[in-house]
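User: I'd like to learn how to read helix packing and cores in a model. Could you walk me through it?

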Amino acid sequence: MKTMKAVCIYGYGGPEVLVYEDAPRPHPDAGEVLVRIHAAAINPVDWKIREGHLKTMLHHTLPLVLGWDVSGVVESLGPGLTRLKVGDEVFSRPDIERDGAYAEFIVMKESDVALKPKSLDHIHAAALPLAGLTAWQTLFDAGALAAGQRVLIHAAAGGVGTLAVQLAKWKGAHVIATASAHNHDFLRKLGVDQVVDYDTERFETVVAPVDVILDPMGGETQDRSWQVLKPGGILISIASPPAAEAAAKHGVRQAFVFTQPNAAQLAEIAQLADAQKLKAIVQTVLPLSDATRGQELSQRGHTRGKIVLRVI
Ligand SMILES: NC(=O)c1ccc[n+]([C@@H]2O[C@H](COP(=O)([O-])OP(=O)(O)OC[C@H]3O[C@@H](n4cnc5c(N)ncnc54)[C@H](OP(=O)(O)O)[C@@H]3O)[C@@H](O)[C@H]2O)c1
């Protein structure tokens with residue numbers, strides 16, 4: 001049996017349950033590709049799954065390889081595939097209910113995989129799929145954000161936020177962002193029109209009404225966000241489902257988005273990256289064997305852009 005290096009969990013818990021080990025190398029079935037992974041980004045969902053928070057929602061079998069953001073090269077194809085070929089450089093946010101990308105190889109459905117941006121190396125390409133699809137599906141699919149509208153993006157300096165800011169600017173929206181002071185210049189350079197310091201200002205007192213809010217925080221940030229929306233505006237959370245009653249009370253709409261794989265949207269994201277309209281912000285690069293440290297850093301909640309694991 002061929003093996004590969006991988007970071008797996010055999011049970012739920014703290015960072016200590018992550019095991020860097022030799023695991024069986026997967027094989028592609030019909031409709032699937034085997035990809036040799038060059039880089040895998042870390043997302044908060046990785047450590048939420050590791051801690052068992054999503055075990056009633058997602059159906060995982062253990063041991064499980066974590067990580068659902070990948071850039072690599074097609075190694076082999078299962079039967080019946082015509083779109084991709086061996087040697088293609090690809091990126092993906094694969095099916096989150098299957099083994100992930102903290103590994104040397106991954107099998108993915110061809111339909112979840114797109115050609116990676118040509119102008120980006122694998123480290124930067126791996127930083128785009130999960131957060132990029134999240135920003136796309138919240139702002140454009142759920143929010144129908146249009147040119148000239150105003151959007152409030154919370155946690156704008158994070159993985160989702162940095163891409164949401166750029167996609168909203170590309171769409172022609174006026175972007176307001178919340179972040180701590182050390183990220184304000186960085187966010188202005190990324191295109192943000194108004195930055196609010198969540199440590200010293202109450203955003204609901206300094207932000208004029210907006211059409212769309214992207215809420216990656218939940219809790220008190222979500223509760224205080226209703227009053228910032230224009231009548232008929234929409235609050236979209238990726239942290240916790242907003243209450244329909246609260247939305248009705250404020251005369252606005254609400255949605256919760258759980259990001260789905262989407263190769264067509266990834267192809268659009270790749271095009272924007274190649275046209276230099278979308279930058280992948282990578283704060284930290286670590287070797288695959290340091291996934292534990294990467295998750296500990298992510299879990300502190302103050303990553304600027306992404307933490308990426310280098311596999312090759
Ligand atoms: N539903 C879904 O499908 C989905 C998809 C992707 C992500 N998510 C969730 O969305 C959340 C964000 O994901 P992410 O990848 O962007 O996380 P991340 O990269 O870890 O976000 C870190 C950012 O959060 C900012 N932040 C921390 N506290 C804040 C506050 N009180 N107000 C405003 N900003 C604050 C930090 O900025 P400062 O350093 O300036 O504090 C930091 O830049 C996570 O909980 C993740 O699980 C859900």
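**Cores and a helix**

Analyst: Let's start with V151, which touches L139, L145, A168, A173, H174, V175, I176, V210 and V212, leaving out residues up to four places away in sequence; contact means heavy atoms within 4.5 Å. This is a predicted model, where local features need pLDDT of at least 70, side-chain atom pairs count only at pLDDT 80 or more, and totals for chains, interfaces and linings use all residues. Residues are numbered from 1 along each chain as its sequence is written, and side-chain values use heavy atoms, without hydrogens and water.

User: Which residues have the most contacts inside the largest nonpolar core?

Analyst: In soluble globular proteins, nonpolar side chains tend to be buried together. A nonpolar core is a set of buried (under 20% relative accessible area, 1.4 Å probe, protein chains only) Ala, Val, Leu, Ile, Met, Phe, Trp, Tyr and Cys residues joined through side-chain atoms within 4.5 Å. Here the largest has 51 residues, with L128, L139, V151, I153 and L187 making the most contacts inside it. A second, separate core of 44 residues includes I49, W68, V70 and Y102.

User: Which residues of α9 are buried?

Analyst: Helices are DSSP runs of H or I, at least four residues, and strands are runs of E, at least two, numbered from the N terminus. In α9, the buried residues are A263, Q265, L266, I269, A270, L272 and A273. They lie on the same side of α9 because their arc around the axis is only 170°, taken from the directions from the helix axis to the C-beta atoms. On the other side, A264 and Q271 are exposed (over 50%).

User: What covers the buried residues of α9?

Analyst: The cover includes β6 (89-92), β8 (113-115), α3 (129-142) and α4 (159-171).
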